[in-house]
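Please look over the model below before reading on. My notes follow as numbered points.

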Amino acid sequence: MRGFRHLGRKSSHRRSMLRTMTDQLVIHERIKTTVAKAKEVRKFADRMITQGKGGTLHNWNIATSWLQTTPAASKVFNILAPRFANRDGGYTRIIKCENRKGDHAEMAYIEFVDNNLIPLRSPKISNQSTTVGNSSSPSPSSFSPQQKSINDLD
């Protein structure tokens with residue numbers, strides 16, 4: 001079993017691509033990519049947040065050696081690390097979306113969990129006493145005599 005996804009690239013290209021994607025994820029807090037790339041970027045993004053939570057000069061040097069821009073490293077240490085101070089891992093989520101046109105590749109959004117961005121999906125509503133046969137639309141037999149039918153509107 002291989003330890004990581006090769007993503008159809010040589011090691012130098014793969015490393016450069018993952019560094020760029022991690023940098024862009026930190027800056028924008030949500031990016032759209034393929035599912036395989038999102039799963040690989042998640043590892044590095046979570047490591048950067050962990051480095052930011054350390055807060056030492058050594059952690060800064062490790063983070064800046066991976067991230068390509070200083071504003072991204074500053075955001076990790078000054079904004080994202082305090083946001084995730086009470087969370088032990090699991091800083092990112094992957095949300096699958098439609099397949100890409102052209103090659104039909106599985107696409108996904110990767111984002112940080114506690115963000116102020118517009119949600120991609122509406123929150124789930126808890127089911128309140130759902131039973132079989134209990135539908136939200138009324139059945140024809142449940143109309144009362146006071147209700148008007150479609151024919152009475154003319």
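1. Tryptophan 66 has a relative accessibility of 12%. Buried means under 20%, so tryptophan 66 counts as buried. This is a predicted model, so read each value as computed from it.

2. Which ring partners tryptophan 66? The partner is phenylalanine 44. The two ring centres are 4.5 Å apart, with 15° between the planes. Planes under 30 degrees apart count as stacked, so this pair is stacked. Phenylalanine 44 is also buried, at 16% relative accessible area.

3. Now place that pair in the chain. Phenylalanine 44 belongs to helix 2 (residues 35-54). Tryptophan 66 belongs to helix 3 (residues 57-66). The pair therefore ties together parts that are 22 residues apart in sequence.

4. Another aromatic pair joins phenylalanine 84 and tyrosine 91. Their centres lie 5.2 Å apart and their planes make 50°, a tilted arrangement. Phenylalanine 84 is buried, with 0% relative accessible area. Tyrosine 91 is buried too, at 4%. In total, the model has four aromatic pairs.

5. Three strands form an open sheet in the order 1-3-2, and the pairing is antiparallel. Strand 1 (30-34) and strand 2 (92-96) are the edge strands, each pairing on one side only. From one strand to the next, the twist averages 25°.

6. How many bridges join strand 2 to strand 3 (residues 107-112)? There are five. Isoleucine 95 has tyrosine 109 in strand 3 as its bridge partner.

7. Finally, helix 1 (residues 11-28) packs on the sheet. Helix 1 touches strand 1, strand 2 and strand 3. The direction of helix 1 makes about 145° with that of strand 1.

How values were computed
Residues are numbered from 1 along each chain as its sequence is written. This is a predicted model: local features need pLDDT of at least 70, side-chain atom pairs count only at pLDDT 80 or more; totals for chains, interfaces and linings use all residues. Side-chain values use heavy atoms; hydrogens and water are left out. Rings of Phe, Tyr and Trp (its six-membered ring) pair if their centres lie within 6.5 Å; planes under 30 degrees apart count as stacked, over 60 as edge-to-face and the rest as tilted. Helices (H or I, at least four residues) and strands (E, at least two) are DSSP runs, numbered from the N terminus. Buried means under 20% relative accessible area, exposed over 50%, partly exposed in between (1.4 Å probe, protein chains only). Two strands pair if DSSP finds at least two bridges between them. Axes are lines fitted to C-alpha atoms, for helices over the stretch in contact, and angles run from 0 to 180 degrees between N-to-C directions. Contact means heavy atoms within 4.5 Å.
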